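We will go from stop to stop, picking residues by number.

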Amino acid sequence: MTDEIQVNGECHCSKIEIEATVKLSEVRACHCTDCQQMSGAPLRAIAVAPANKIKIKGIPKEYIKIADSGNKRIQAFCPECGSQLFATDMKKTLYNLRTGFLEQKNELKPKTHVFTQSSMSWIKNKLFT
Ligand SMILES: [Zn+2]
Ligand SMILES: [Zn+2]
């Protein structure tokens, strides 16, 4: 079985469409407080695609998040419906696609969970015990 799969999806209003090739072994869920706040959800799952394996139709709005360390990351979302699409570095070399808008989301099971110190207690109890 190959580790790479083709994924595709669109934002809620269909203004932005994205296709990419991602590695199943690199799907992860982030429980950090930035992800919680920006997604409006208790955690955020991502699948990683290099720049040469992603096609974006439409122009996402970009918000630059500055971490406490000073590190900057682009957070992209649909300017119309606000669906979160991906995060990437300032040079746009690697894209972290939000799995929630991808049609293959059921296959994109997180292999790792990061920043679990800030995960909800009811998620911790379910996932890590
Ligand atoms: Zn939209
Ligand atoms: Zn996070």
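Select strand β3, residues 28-30, together with β4: three bridges join the two, and they run antiparallel. Strands here are DSSP runs (E, at least two residues), numbered from the N terminus. Two strands pair if DSSP finds at least two bridges between them. Now pick alanine 29, whose bridge partner in β4 is alanine 45.

A word on what you see. This is a predicted model: local features need pLDDT of at least 70, side-chain atom pairs count only at pLDDT 80 or more, and totals for chains, interfaces and linings use all residues. Residues are numbered from 1 along each chain as its sequence is written, while chains are lettered from A and ligands numbered from 1 in the order in which they are written.

Stay on β4 and select residues 44-50. The strand is mostly covered, with five of its seven residues buried. Buried means 20 or more other C-beta atoms within 10 Å of the residue's own; exposed means 12 or fewer; partly exposed is in between, with C-beta atoms placed from the backbone.

Click valine 48: asparagine 96 is its bridge partner in β9.

Now for two loops. Go to serine 14, between β1 (4-10) and β2 (17-23). Its phi is near 70°, a positive value in a residue other than glycine. Is serine 14 buried or exposed? It counts as exposed, because it has 12 C-beta neighbours inside 10 Å.

Last, select lysine 92, in the loop between β8 (84-89) and β9 (94-98). Phi of lysine 92 is near 55°, also positive in a residue other than glycine. Lysine 92 has 13 other C-beta atoms within 10 Å, so it is partly exposed.

Definitions and conventions:
Helix = DSSP H or I, 4+ residues; strand = E, 2+ residues; numbered from the N terminus.
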